[in-house]
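Here are my notes on the two-chain model, point by point. Please read them with the structure open.

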Amino acid sequence: MKFGIVVFPGSNCDHDCYHVVKNVLGQEAEYIWHKETQINGFDCLILPGGFSYGDYLRTGAIAKFSPVMKGVKEFADGGGLIIGICNGFQILVEAGLLPGVLMRNRDLKFICENRYLKVENSDTPFTRLYNKGEVVSIPIAHADGNYFADDQTLKRLQDNGQIVFRYCDADGKTTDNANPNGSLLNVAGVCNEKRNVLGMMPHPERCAEEIMGSIDGKRVFESLIK
Amino acid sequence: MIAKIYVTLKNGVLDPQGKAVQHSLESIGYKEAQDVRIGKFIELKLTEMPKSEAEKKVKEMCEKMLANTVIENYRFEID
């Protein structure tokens with residue numbers, strides 16, 4: 001399977017994703033520079049974390065107009081698998097490929113720590129190797145991860161099973177205390193209605209091999225491999 | 001010509017930055033500051049064109065890039 005990792009000016013988790021795909025999972029991986037206008041021959045695209053365009057104006061607001069995004073949209077429309085992690089998630093919501101928006105964290109701080117997540121939907125190409133309701137620990141590292149959408153959109157997301165990950169405590173309870181950033185409904189990751197595009201603030205690529213202390217994120221990538 | 005664009009958070013969207021500033025104002029004695037909402041001010045120089053056309057262009061810019069209309073409102077003046 002061939003993964004394309006989209007590199008924007010300011011991406012900084014691109015190498016981590018490349019490493020996991022290539023060296024940990026033994027799959028093909030290739031970087032796609034944001035100036036590319038054609039995306040051909042890939043099975044899955046990763047929009048990695050970082051600070052594309054310095055987060056100027058709003059996170060993802062400028063990256064969504066990078067030339068590569070036209071190809072990314074076409075890839076999504078054609079049913080191609082796309083995962084946006086952290087800044088990648090922020091870019092996907094700005095581009096309209098996922099609903100909602102990621103605002104400044106509730107306490108205005110950059111938060112870098114392990115968080116418990118509940119797998120709300122295991123019936124997606126990204127989570128099929130997890131159990132529904134399973135609690136995993138995956139690190140977050142962001143200042144703008146406070147998920148917001150209007151009530152109607154939130155209800156639609158719930159009804160359609162588009163909320164994939166929610167912040168929770170060690171027992172799987174999605175309490176306000178377990179919510180690091182103020183996200184509505186403790187949302188940590190959502191997918192589109194067709195289930196081929198996922199965005200998540202936590203970093204599964206940072207916990208995909210034992211030497212990193214946890215392999216809780218590895219199955220996100222393994223789930224994608226056919 | 002110059003466009004002055006104001007981007008503000010919609011009512012109902014929490015503004016933790018505004019809250020922090022309000023608390024701080026209160027702590028230095030300004031109890032009259034009831035509610036603080038922080039937004040963005042963008043000043044943009046445009047090529048000369050009829051005002052109606054400029055208004056159309058700036059509206060497009062706001063919708064496409066300068067504001068995220070999921071959470072933000074915008075208004076502008078053109079001189």
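1. A cut-off first. A residue is buried under 20% relative accessible area, exposed over 50%, and partly exposed in between. Glu222(A), at 28% relative accessibility, therefore counts as partly exposed. Keep in mind that this is a predicted model.

2. Glu222(A) has a salt-bridge partner. Its side chain meets that of Lys218(A), at 3.8 Å from N to O. Lys218(A) is also partly exposed, with a relative accessible area of 21%. An α-helix has 3.6 residues a turn, so residues three or four places apart point the same way.

3. Lys2(A) pairs with Glu30(A), the closest N and O atoms being 3.3 Å apart. Lys2(A) is buried at 19% relative accessibility. Glu30(A) is partly exposed at 38%.

4. Glu120(A) and Arg166(A) form a salt bridge as well, at 3.7 Å from N to O. Glu120(A) lies in the loop between β6 (111-119) and β7 (135-142), and Arg166(A) in strand β9 (residues 163-168), so the pair ties together parts of chain A that are 46 residues apart in sequence. Glu120(A) is buried, with a relative accessible area of 19%. Arg166(A) is buried too, at 18%.

5. Over all chains the count comes to 13 salt bridges. How many are there between chain B and chain A? The count is 1. The side chains involved are Glu72(B) and Arg58(A), with N and O 3.8 Å apart. Both residues belong to a salt-bridge network that also links Lys64(A), Glu94(A) and Lys40(B).

6. Now the interface. Chain B puts 15 residues in contact with 12 residues of chain A. The buried area is about 1,200 Å², and carbon and sulfur atoms give 70% of it.

7. On the side of chain B that touches chain A, the elements giving two or more residues are α1 (16-27), β2 (40-45) and α2 (51-66) of chain B. The residues of that side divide into 10 nonpolar, 2 polar and 3 charged.

8. The largest nonpolar core has 65 residues. Those with the most contacts inside it are Ile46(A), Ile82(A), Ile83(A), Tyr147(A) and Phe165(A). Helix α2 (residues 68-77) of chain A gives the most to this core, with 5 residues. A second, separate core has 14 residues, including Met1(B), Ile5(B), Leu44(B) and Ala54(B).

9. Leaving aside neighbours within four places in sequence, its contacts include Phe3(A), Ile5(A), Cys17(A), Val21(A), Ile83(A) and Phe221(A).

10. His203(A) is in the loop between β11 (197-200) and α5 (218-224) of chain A. Is this histidine buried or exposed? His203(A) is buried, with a relative accessible area of 1%. Its side chain makes a polar contact with the side chain of Glu205(A), at 2.8 Å. Beyond four places in sequence, the residues that His203(A) touches include Cys13(A), Gly49(A), Cys86(A) and Pro139(A).

11. Helix α3 of chain A is mostly covered: 8 of its 8 residues are buried. Among them are Phe89(A), Gln90(A) and Glu94(A). Just after α3(A), Gly96(A) takes a positive phi of about 80 degrees.

12. Leu97(A) lies in the loop between α3 (87-94) and β5 (101-103) of chain A. Leu97(A) counts as buried, at 14% relative accessibility. Beyond four places in sequence, its contacts include Val72(A), Ala76(A), Leu92(A) and Val197(A).

Note on methods
Residues numbered from 1 in each chain as written. Chains lettered and ligands numbered in written order. Heavy atoms only, no water. Contact = heavy atoms within 4.5 Å. Buried area = accessible area lost by both parts, 1.4 Å probe. Salt bridge = Lys/Arg side-chain N within 4 Å of Asp/Glu carboxyl O. Helix = DSSP H or I, 4+ residues; strand = E, 2+ residues; numbered from the N terminus. Nonpolar A, V, L, I, M, F, W, Y, C, P; charged D, E, K, R; others polar. Buried < 20%, exposed > 50% of the residue type's maximum accessible area, 1.4 Å probe, protein only. Polar contact = N/O pair within 3.5 Å; in protein donor to acceptor, adjacent residues only side chain to side chain. Core = buried A, V, L, I, M, F, W, Y, C linked by side-chain atoms within 4.5 Å.
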